[in-house]
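Welcome, and thanks for taking a look at this one with me. Here are a few points to follow with the structure open beside you.

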Amino acid sequence: MTLGTYRTILLAIGDVAVFWASLVITLFLRYGADRFNGNFAIHILPFGVVFAVWILVFYIIGLYEVRIIGKPEQLFKYLTYATLSGGIIAIALFYFVPAFTITPRINLILDIIITFALMLGWRSLFAFAGRSTDKIRVLLVGSSPDIDELARTIEDYPHLGYIIKARCPEVTPHILNLVSEHQVDIVVASKENQTNDTLLQALYEAIHRGIRFVDVSVFYEMILGRIPVSLISKVWFLENIAEAEKLFFEISKRAVDILFALILVIPTTILMPFVAVAIRLNSQGPIFIRQKRIGRMGKSFTLLKYRTMLALSPDGSAETRGAEWSQEGDKRITGIGKILRSTRIDELPQVWNILRGDLSFIGPRPERPEFVENLRKDIPYYDMRHLVRPGLSGWAQINPPYYYASHDDTILKLQYDLYYIKNRDLGLDLSIALKTLMVMLSRQGR
């Protein structure tokens, strides 16, 4: 378990404590000490359920993510979203679920207000403590854009618990002095430096100090949730991608895909005429767009989605000069198309692709053959993303920038995709599915 995971668990425990403390304060204010015990007893079960839902809301909205935890300006905004969302859900539970035997109007409103105030204080204290407490001291050995990015991330997010005490672009005879001078706890080195006799000798001499030696690709993955393409080799795939071990997971995942696809067929069918009318009223052209995409093991399939761009070609597409990526502020996107894209409604027809087995709900987003042909030439290991069935949403789609529409973006997306392929399980899939809801509701898609 990483330091970041420990901090997240501690944060969640603190959040739960704040929820219960808020309820206790609310009931004391409302009933006083004499009537507190009896009223607290009848509030335990329903509010326990509400608090569990609120933790889930916090997770979906992103209040346990690195880029939000330590940023005060982000904290207030996201905590406001979470409190309002949690409050609305709580009201719905109390007033529409028969099992909830109490309907606490004033108590619930007062509890929400107190919870927000206490949570803001607790979260601010946690962020401050993360910046001010002692950090794990890191010596970074090696030089590359990915290593530079890793160093910047650690500097930008001190609450991760690490601090870069020294950097060595290459191994030198003075490296042991750096380890001693800065009282280094972890030495992070790139693969090519790990067999360097000077480095190994320095670490051997410092072994009694309890220094850890970590591969930079492992540390990068742990901090950023991505696999650094420039820092891995073919050996990495042999060591980390074990498809035979994922057989049970893949069978279970396919069963879940079919079940939820069948459930989604009904709302998809109900929405279809309304979406179709909106598309046709907004612009002339077909309702659906059919595109060739590359799927599992490099096999192509036809992907179905609602048209969101102007129909500029005979086939109804917006492309007059061959396949091209959509760009930010793309003028070809229609008014209704912007809404369909940002809410991911344009992807709903792909439920049929899921039933056919072309797609999964979760997995790397499938790319068009025209792009794949060029990308596999320019980007190392690009075809490895085709080891698994592509998805409606994926690990890349819930991480900034959420949408990838350039060569550099594609390298970033591949790093996320490789992380997913290596670490995929039902827990990670569930996490992606929940956070996809937040991306949809916040309209961060494009």
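**Notes for a first look**

1. This is a predicted model. Its secondary structure amounts to 16 helices and 8 strands. The C-alpha trace spans about 75 × 70 × 40 Å along its principal axes.

2. Of the 446 residues, 50% are buried. The accessible surface is about 22,000 Å², and carbon and sulfur atoms contribute 63% of that.

3. The crossing is right-handed. Among the residues that meet there are Phe47, Trp54 and Phe58 from α2, and Tyr78, Tyr81 and Phe94 from α4. The residues of this contact comprise 16 nonpolar, 3 polar and no charged ones.

4. Next, the salt bridges, of which the structure holds 16. In one of them, Arg123 pairs with Asp15, with the closest N and O atoms 2.8 Å apart. Arg123 sits in helix α5 (residues 105-132) and Asp15 in helix α1 (residues 3-31), so this pair ties together parts 108 residues apart in sequence. Both Arg123 and Asp15 are buried.

5. Another salt bridge worth a look joins Arg424 and Glu243, at 2.6 Å from N to O. Arg424 lies in the loop between α15 (407-423) and α16 (426-441), while Glu243 lies in the loop between α10 (234-240) and α11 (247-282), 181 residues apart. Arg424 is buried at 1% relative accessibility, whereas Glu243 is partly exposed at 27%. Through shared partners, salt bridges join Glu243, Glu250 and Arg424 into one network.

Notes:
Residues are numbered from 1 along each chain as its sequence is written. This is a predicted model: local features need pLDDT of at least 70, side-chain atom pairs count only at pLDDT 80 or more; totals for chains, interfaces and linings use all residues. Side-chain values use heavy atoms; hydrogens and water are left out. A crossing is left-handed if the near helix is turned anticlockwise from the far one by less than a right angle, and right-handed if clockwise. Helices (H or I, at least four residues) and strands (E, at least two) are DSSP runs, numbered from the N terminus. Contact means heavy atoms within 4.5 Å. Ala, Val, Leu, Ile, Met, Phe, Trp, Tyr, Cys and Pro count as nonpolar, Asp, Glu, Lys and Arg as charged, and the others, Gly among them, as polar. Buried means under 20% relative accessible area, exposed over 50%, partly exposed in between (1.4 Å probe, protein chains only). Accessible areas come from the Shrake-Rupley method with a 1.4 Å probe; for residues, only the protein chains shown count as cover. A salt bridge is a side-chain nitrogen of Lys or Arg within 4 Å of a carboxyl oxygen of Asp or Glu.
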